[in-house]
Amino acid sequence: MDRPRAILVDISRCVGCGACSAACKEANGLPDTEETQLSATAWTALAEKGDYYVRNLCRHCTDPTCVSVCPVGAFVKTAEGPVTYDGDKCIGCRYCMTACPFQVPRYEWTSRAPLVRKCIMCHERVKNGQMTACAEACPEGATVFGYRDEMIAEARRRIAENPGQYVDHVYGEHEVGGTNVLFLSPVPFEELGFRMDLGNDALPELTWEALKKIPNLVTASGVALGGLWWLINRRATVDHLRHESGEKHPARPVRYTEPEKEGESS
Amino acid sequence: MTNWREKITFWRAAFVVIMIVGGIATVRRFFLGLGETTGLSDAVPWGMWIGFDVMSGVALAAGGFTISALVYIFNLKQFKPIVRPAILTAFLGYILVAVGLLYDLGRPWFIWHPIFFRNPHSVMLEVAWCVMLYLSVLAFEFVPAFFERLGWGKAVGIMKVVTPVLVIAGVLLSTLHQSSLGSLFLIVPNKLHPLWYSARLPVLFFVSAFAIGFGMVIVESYLSKRAFGKELERHIVTDLGRAMMVVLLFLATLRLQDLIARDAIPYMFQPTPEAGLFWLEISLQILIPVLLIAIPRIRKHPQGIYYAGLSAVLGLILNRMNVAITGMAGQLGDYFPSWEELSVSVMLVSMGFAAFAWAVRSLPVFGHEPMPAVVYVNPLETGKPKEPAAKLQAARA
């Protein structure tokens, strides 16, 4: 059961019918309006890029940025692959929106109690062994659904069997540490607006590098500051005592509770 | 006492207007939602309330931990008279940051969620906990001013014992919090402009906050002179300016070295709005203050150091806004704050000034030996101990 699923989008096969968007809206109870960009009410959108139609949706990263940045853990990467969202926990800080490398999460800006909205890869359906609504609705096999390793194999097969029809790249196989939505394209991805500069490392590593230093930093600086305070102030106290008692070296330690006497401060 | 009331009548009127406009904006914000009342969008989800109210607010509160560390841990007694105004600024600053967050959060009634739902991988969780804990520490650090005013000698004595613990906790929490605001942006290497994105953001945020801790006390001293005719001793202000200059030069070295290491130098000379903002930021935050303080003739001029402090404060605000808004938005989409965002920010700052003014008039804040002081002497009066203080003295004798 733990084998993660993935959506494979073959841009060369997409005819732009919009069945995926319509099925998504129906499956998730969203208002049935036609939208060409992601929004709080369009969790997947079909954009026309030159001769092609390109789907946009949450990529369900293997190591998702949104899951790592959410302070209250409202996002969860499930074993089946989908990244889900629990609106009851959300405080509305919108760090997920700032951090997402694909700029997917949308906000209910007009609501008085807004939530973050994005594709959840039909998690309930997937858990029950069904495919996502968009994959089920696609009449052209442009969106297919299955185990991630099998989807990568399928993508490789399509590239190998149709020489010249695809660029030799499965977008999402390695980007930001891999995603559970994969793309095949007949033209270089950058021409379709895909970012090619995201790198293959999962972004959460970047903040974890800083966060993991905290326990040591706190312990070490706490001890150092405490030690400094004790050294510096004890010296001042002892100097003061010696001065007061007229001795250079008091015979025994004197219990002293008032390091700052009247008139001592400059 | 009647004199200053007449003197600031204009400011009182301005304050009332700011409160009314801010109040209208507040009602609109909470009844109409964020979309209607802010310039925010899916492309630019963080704006002025994060970049100015939170990011700059926290940095401008840095004086609280820098000065208290210098005085209580390093025993630098010459800074003692400014501990309390610095802690008061930090305390008020953090309260306003928390209030600003209530405006910005989509579901502010769940602001307590990070206490119970914790994702240890989130920098935002660290930020949330630092705000909560440091706000508590600052409250404890400032509360002796109330105890002294009330003449509660025993309470003052207890606070004196725990002061070192509070100061060390405050330094640790501040270090974490200042740097964590920079860490927030470590995760957007592809969104933040290369003039600002750096793996060293946490360090840069911490060092710049450390510097501005001095700058803010300088500016406050000037403002309190204008408003109450009370000013810090000249040599303290000069020392603060010198300390700020040293930290700013260190910051300049760090930033230059960082830009070189990341091959980002060419971006400084491209004809882009980002490069313009970068130079404006560097000039205000580092070049102008350092020059003003380094030149003896200007340093000795009565107002030279104040201009240096003011410039550094403005530069720091621009730095935080550049990281949180313009450095991001330039690549992503257009953003301009709405009048609601602007007026709420102005209102919060004005409330800070008003609370500061009230505290300076009513509590032992300026020109007074702070926290561990045993005897309360009202600096406004002629140095005659107040009655509770006299009692306290007698009790101790």
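How many bridges join strand E1 of chain A to E8(A), and do the two strands run parallel or antiparallel? Before selecting them, note that this is a predicted model, in which local features need pLDDT of at least 70 and side-chain atom pairs count only at pLDDT 80 or more, while totals for chains, interfaces and linings use all residues. Residues are numbered from 1 along each chain as its sequence is written, and chains are lettered from A and ligands numbered from 1 in the order in which they are written.

**Stop 1: the sheet of chain A**

Select residues 5-10 of chain A, which make up strand E1, and then E8(A): five bridges join them, and they run antiparallel. Helices (H or I, at least four residues) and strands (E, at least two) are DSSP runs numbered from the N terminus, and two strands pair if DSSP finds at least two bridges between them.

Show the side chains of E1(A) next, where six of the six residues are buried, a label given when 20 or more other C-beta atoms lie within 10 Å of a residue's own, with exposed meaning 12 or fewer, partly exposed in between, and C-beta atoms placed from the backbone. A:Arg5, A:Ile7 and A:Val9 point one way from the strand, and A:Ala6, A:Leu8 and A:Asp10 the other way. On E9(A), A:Val181 and A:Phe183 point one way and A:Leu182 and A:Leu184 the other way, and all are buried.

**Stop 2: two loop residues of chain A**

Select A:His60, in the loop between strand E3 (52-56) and helix H2 (65-69) of chain A; its phi is positive, about 50°, although it is not a glycine. A:His60 counts as buried because 28 other C-beta atoms lie within 10 Å.

Move on to A:Gln103, in the loop between helix H3 (95-99) and strand E6 (106-107) of chain A, which likewise is not a glycine and has a positive phi of about 50°. A:Gln103 has 18 C-beta neighbours inside 10 Å and therefore counts as partly exposed.

**Stop 3: where the chains touch**

Display both chains, and the contact takes 42 residues from chain B and 50 residues from chain A, two residues being in contact if their C-beta atoms, placed from the backbone, lie within 7 Å. On the chain B side, helices H3 (34-37), H7 (113-116), H8 (123-150) and H9 (153-183) each supply at least two residues, and H9(B) gives the most, with seven residues. The residues of this side divide into 25 nonpolar, 11 polar and six charged; Ala, Val, Leu, Ile, Met, Phe, Trp, Tyr, Cys and Pro count as nonpolar, Asp, Glu, Lys and Arg as charged, and the others, Gly among them, as polar.

**Stop 4: two helices of chain B**

Chain B has 17 helices and zero strands, and 50% of its 397 residues count as buried.

Select H11(B), residues 234-261: at 1.5 Å a residue its 28 residues should span 40 Å, and its end C-alpha atoms are 41 Å apart, which agrees; the expected span is 1.5 Å times one less than the number of residues. Its buried residues include B:Val237, B:Leu240, B:Met244 and B:Arg255. Just after this helix, B:Asp263 takes a positive phi of about 55°.

End at H13(B), which has a kink of about 45° centred on B:Ser283, the bend at a residue being the angle between axes fitted to the seven residues ending there and the seven starting there. Its buried residues include B:Phe278, B:Glu281 and B:Leu284, whereas B:Ile282, with 19 C-beta neighbours inside 10 Å, counts as partly exposed.
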